[in-house]
Amino acid sequence: KRFAVALVRSIPSMLRKSSATLLSRRCLSTSANPVGWARRWNAEIRNWISMEKGGQEKRQKRDMPTRDQNFDHEKWSIHKDPKRHVRHFVTWGYSAATQRILFPDLALIFSSSALLTAFNHVAEIPMYMPPEPIVLPSVALGLLITFRTNTANMRYNEARCLWGEIVNTSRDITRIALQWMPQSKDDAFGKAQAAKVCRMTKAFSIVLKYHLTIDGGNPDSRFSRSDPDLPALVKAELRKELSTVCFSPSDPVQARELEDCLSSSHRPLWTIQQMCNASHAGIWARCGDRPDRAIRDGQLLERHFQRLCGAMGACERIHRTPIPTAFTRHCSRFLMVWCNAMPFVLWPIVGTATPLAATFVAWAMLGTEDIGVQVEEPFDVLPLFQYCQGIAATCDGMVKDAHNDHITLSKDLEVERTGPQILVEDMEALEASFNMRNAAQKL
């Protein structure tokens, strides 16, 4: 009993000693190397700023869109970090939405509210109004902004799903071409046609990216959209990217394909047609004296080409068809009138703090509307360059596997068949008997 009482009495002192020890260790570790602590925080803040910018260090003008990037484990950990609220507050100045509405929208509202505050401060009869004219239409304004934002998010989600379809279909086309078009290791013609299909598969995603964006959507080359030489600069950038990823200028055949692609009036459709040409040639050479097999094998790849063409057409539909512009114009006018009338309601409540309060309310409303407008054009926000890099890496990886004989071709199979097999001659006799049986049944 005495031992238990002594143990209970000693617990508080033990806790005080342990907490003091931990605190002293923390203070010593922090004060012993303050430079390392500052460097860690500096690196973390830089990482926050890079995340806020979307990793786009080349976005030098505030009107340029912020293109998101594909998330990995590191980005997800930062995104869900408990310090995310502090991070978002620290990087407030780097927010693309805030930068876009800073001038002239927020500047105009702050100036008008400051003039109203100064006038009311010296006037005998201040200017203000009851809150009802602002509160009553707020419901309609909220519904209007919510409709636009939700519709824009639906367009964004559809565009992402379409590019996911393009990625998956590109993998399927490459896999089928490398597996079924060459008949054996020594089939040079089949390998050449399969290689052409792989080149055009990579080229399709790249030219579609340039087809849907004004500057190509690359992170390292953000051209000014007001530059009169923008089309020439974008075409030169496209030539450089195709030469690096798809075509070898030192090969005469591929150099000719590059020039034909650049001179085409619809480059994505041209690449699909070249895939069809290469697959047709390879399958026709493979079928021998059985043209029915060419039709059967051609339909297998044709379905995937149709999927690419359908995804491309859906992307063009999203790009060329905005949300009905009447909603955008009415929402913009409604919102500007509402925000500029807000200081007349805030003056009796907050007094001289009216400019700050009105600017904060306008920032919240205008920022939400601006994000909806930016997301409405999803291909200027999605990281299309990363999707193209993923397609190219997948195609190159499968081509490397085929080069290293990790893909077994038809005539290279060494299989011991255990049961009776139907040979070509027996197959012809079976088809003849089947036709005769059908004819007898019809009679």
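Predicted model: local features only at pLDDT ≥ 70, side-chain atom pairs only at ≥ 80, totals over all residues.
## Overall make-up

Of its 443 residues, 36% are buried. Among contacts between residues at least 6 apart in sequence, 77% join residues at least 24 apart.

The exposed surface comes to about 26,600 Å². Carbon and sulfur atoms supply 61% of that area.

## Nonpolar cores

The largest nonpolar core holds 53 residues. Trp163, Ile166, Phe204, Leu242 and Phe379 touch the most other members. Seven helices are listed here, and each supplies at least two residues of this core: α7 (138–180), α8 (188–212), α9 (230–245), α10 (252–263), α11 (267–287), α12 (291–320) and α15 (384–403). The largest share, 11 residues, comes from α8.

Leaving aside residues up to four places away in sequence, Phe379 touches Ala159, Trp163, Leu212, Thr213, Cys315, Ile318, His319 and Leu384. Another core lies apart from the largest one. This second set has 19 residues, among them Ile109, Leu335, Met342 and Val345.

## Helix α14

Helix α14 runs over residues 354–376. Its 23 residues should span 33 Å at 1.5 Å a residue, and its end C-alpha atoms are 33 Å apart, so the two values agree.

The buried residues of α14 are Thr354, Pro355, Ala358, Thr359, Ala362, Leu366, Gly367, Glu369, Asp370, Gly372, Val375 and Glu376. They pack against α5 (96–122), α7 and α13 (325–350). In an α-helix, residues three or four places apart point the same way, because there are 3.6 residues a turn.

Technical notes:
Residues numbered from 1 in each chain as written. Heavy atoms only, no water. Core = buried A, V, L, I, M, F, W, Y, C linked by side-chain atoms within 4.5 Å. Buried < 20%, exposed > 50% of the residue type's maximum accessible area, 1.4 Å probe, protein only. Helix = DSSP H or I, 4+ residues; strand = E, 2+ residues; numbered from the N terminus. Contact = heavy atoms within 4.5 Å. Expected span 1.5 Å × (residues − 1). Areas by Shrake-Rupley, 256 points an atom, 1.4 Å probe, with all protein chains shown as cover.
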